[in-house]
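Dear colleague,

I am handing over the structure below, followed by an account of what was found in it. Please read the two side by side.

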Amino acid sequence: MSVSSSRKITLILGAELEKLVTLPLVWLTLMGTFILNLVLAAAFTSVGLQGAAGTQSILKIGLASMEYLQAGFIILGILATCSEYTGGQIRTTLTTIPWRGFQLSAKHLALAIVTIPMAFIIAASGVLYACIMMRDTALVIEIDAMIKTLVGATGYLTLTTLLSAAIGVLLRRTTPALVVLLGHYFIVSPLLRDFLPSIKNYFPDTAGYYMYMPPSSDEINVLTPIQGTGVSMLWTLIFITVAIVFYRKRDA
C-alpha cells in the first residue's frame, strides 16, 4: 500500500522526534549549556556592574556569553546526527525508513523543534540575570527591543545547530565534526576576520552575530538583522542540501 508524502513526513518526523528526546546526550548537552550560560552571565554581569550600563549595554552584557554558548549548540547538532552512526544504528534507521531525503529533512525539522524553545530559554536566562542584577544601575530595557534581540539569538543558535547537524551528516563521526566546527568558530573564523575584513560579515558566525546584537554607534559596514539572518540561513540551507545529496548517494 502506497503512503502519501504528507503521511510519510508525519511518521518520519514523529520517529525522529522520539529519537531525539530519548537521547540522554541531548539533554545533558542542553543542561550543561544552560549552566555554563548562567556562570558566564554572572561573570560578565559582575564586570558590567563596574561601569554605567545603558539600555544597549545591558542587552550586550546579557548576551555576551553567546560566543561561548554556541559551542553547546554545535555539539547538540553534531550529536543529533552522528549518534546514529555509533553502533550501526543508521542501518536500522534506513531499513525502517528507506526514504533518505524525507528522513534527513525530518531529522533537521525535529532538531529545530527541540532547539528553538531551549535556545530561547537559555539565551533569555542570561539577559534576565543581567536585568535582575543590574536593575539599580541600568536603564529600563524596552520590551520590544528585548524580544527582537532574543528572537534573533534564538534564530542564530537554531541555525548554528542545524548547520552543525548537516556537517555531522557529511563527516559521520563525532570527533572530526567537533574538530572542524569548533576549530572554525573559535580559531579559523576569528583569524580570518583580521586577514579578510572585507568579507568577514559573510561568515556564518559573523553574520549570525548581527541577528541579535544591537549595533554600536562606532561600528561601520555592519549588517542589519534581516541581512544577517539571510546570510546565516543561506549557509545553513547550502550545507543541509549538500548533506542530503551525499546522504542519498552513499552507503550508510
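**A helix pair and a pocket**

In this predicted model, helix α2, which covers residues 24-48, packs against helix α6, residues 100-133, at an angle of about 20°, and the two axes lie 9 Å apart. Since angles under 35 degrees count as roughly parallel, α2 and α6 are therefore roughly parallel to each other, and their crossing is right-handed.

On the α2 side, the contact is made by W27, L30, T33, F34, N37, L38, A41, A42 and T45, which meet M118, I121, I122, S125, G126, Y129, A130 and M133 of α6. Sorted by class, the residues of this contact comprise 12 nonpolar and five polar ones, with no charged residue among them.

The other feature to look at is the largest pocket, whose volume is about 360 Å³. It is lined by 18 residues, of which E67, R193, D205, T206 and Y209 are the closest to its centre. Two or more lining residues are given by each of α4 (66-82), α8 (174-195) and α9 (204-212), and the largest share, five residues, comes from α9.

Which classes of residue make up the lining of the largest pocket? There are 10 nonpolar, three polar and five charged residues in that lining, whereas the contact of α2 with α6 has no charged residues.

With best regards

Notes. Residues are numbered from 1 along each chain as its sequence is written. This is a predicted model: local features need pLDDT of at least 70, side-chain atom pairs count only at pLDDT 80 or more; totals for chains, interfaces and linings use all residues. Side-chain values use heavy atoms; hydrogens and water are left out. On a 1 Å grid over the protein atoms alone, a cavity is a set of points where a 1.4 Å probe fits but cannot get out, and a pocket is an open set with protein on both sides within 12 Å along at least five of seven lines; lining residues have an atom within 4 Å of a point. Grid points are joined across faces, edges and corners, and a volume is the space filled by probe spheres set on the points. Helices (H or I, at least four residues) and strands (E, at least two) are DSSP runs, numbered from the N terminus. Ala, Val, Leu, Ile, Met, Phe, Trp, Tyr, Cys and Pro count as nonpolar, Asp, Glu, Lys and Arg as charged, and the others, Gly among them, as polar. Axes are lines fitted to C-alpha atoms, for helices over the stretch in contact, and angles run from 0 to 180 degrees between N-to-C directions. Angles under 35 degrees count as roughly parallel, over 145 as roughly antiparallel, 65 to 115 as roughly perpendicular and the rest as oblique. A crossing is left-handed if the near helix is turned anticlockwise from the far one by less than a right angle, and right-handed if clockwise. Contact means heavy atoms within 4.5 Å.
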